Amino acid sequence: MSTDVNKSNQLSKEKIMEGRGCAGFNLKMATRAVQNYFDKAYRKIGLEGTQYTVLSHIYVVGPIPLSKLAELMYVDRTTLGRNLKPLEKRELIEIKAGKDKREKLIAITENGKEVLAKALPVWKQTHEQIKTILGIDNWESMLENLRTLTTELKEK
């Protein structure tokens, strides 16, 4: 490496701390905090926040191919597959072959609908608590900003 590159890329605590203003860093921290908050609330019914999200998507749009569900939820197919295993083991969902034998079709079971019905009031209460923490103006602004960011970044 040339010394000019070394001088401009010198590691310093100040340069690293600039990262505290990073969108990715702050969004991940907020996501983890919100996820932990929801996980704690769902614990009493034996569910995790991610599982609620997956079940609710399957309920609304299912039966659905795994690849379409992954696309809808903005997750990798392998990540979604890992998230589906515990739901399938608990018989909250079923995974069957689709029209094409390579396609996996995911549907919610009656047991899954019962768990989802128990989880819905927990979600609503937790969701309202988060809105209260932020305040309605901040809440609406945050949603608008996140939607804009998502749309703009998807197009790049």
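1. Two strands count as paired if DSSP finds at least two bridges between them. In this predicted model, strand S2 and strand S3 (residues 104-108) are joined by five bridges, so the pair meets that cut-off. S2 and S3 run antiparallel. Within this pairing, Lys96 has Leu105 in S3 as its bridge partner.

2. The sheet as a whole is open and has three strands, in the order S1-S3-S2, with antiparallel pairing. Strand S1 (64-65) and strand S2 (93-97) are the edge strands, each pairing on one side only.

3. Next, the helices. H4 and H7 have axes that come within 10 Å and cross at roughly 120°. The crossing in which H4 passes H7 is left-handed. On the H4 side, the contact is made by Tyr52, Leu55, Ser56 and Tyr59; the H7 residues they meet are Gly112, Lys113, Val115, Leu116, Ala119, Leu120 and Trp123. By class, the residues of this contact are eight nonpolar, two polar and one charged.

4. The largest pocket has a volume of about 1,700 Å³. It is lined by 36 residues, of which Thr31, Val34, Gln35, Thr53 and Leu146 are the closest to its centre.

5. Which elements give two or more residues to the lining of the largest pocket? They are helix H3 (23-42), helix H4 (49-61), helix H5 (66-73), helix H6 (77-89), helix H7 (110-134) and helix H8 (136-154). H3 gives the most, with 11 residues.

6. On the make-up of that lining: 23 residues of the largest pocket's lining are nonpolar, 11 are polar and two are charged.

Key. Residues are numbered from 1 along each chain as its sequence is written. This is a predicted model: local features need pLDDT of at least 70, side-chain atom pairs count only at pLDDT 80 or more; totals for chains, interfaces and linings use all residues. Side-chain values use heavy atoms; hydrogens and water are left out. On a 1 Å grid over the protein atoms alone, a cavity is a set of points where a 1.4 Å probe fits but cannot get out, and a pocket is an open set with protein on both sides within 12 Å along at least five of seven lines; lining residues have an atom within 4 Å of a point. Grid points are joined across faces, edges and corners, and a volume is the space filled by probe spheres set on the points. Helices (H or I, at least four residues) and strands (E, at least two) are DSSP runs, numbered from the N terminus. Ala, Val, Leu, Ile, Met, Phe, Trp, Tyr, Cys and Pro count as nonpolar, Asp, Glu, Lys and Arg as charged, and the others, Gly among them, as polar. Axes are lines fitted to C-alpha atoms, for helices over the stretch in contact, and angles run from 0 to 180 degrees between N-to-C directions. A crossing is left-handed if the near helix is turned anticlockwise from the far one by less than a right angle, and right-handed if clockwise. Contact means heavy atoms within 4.5 Å.
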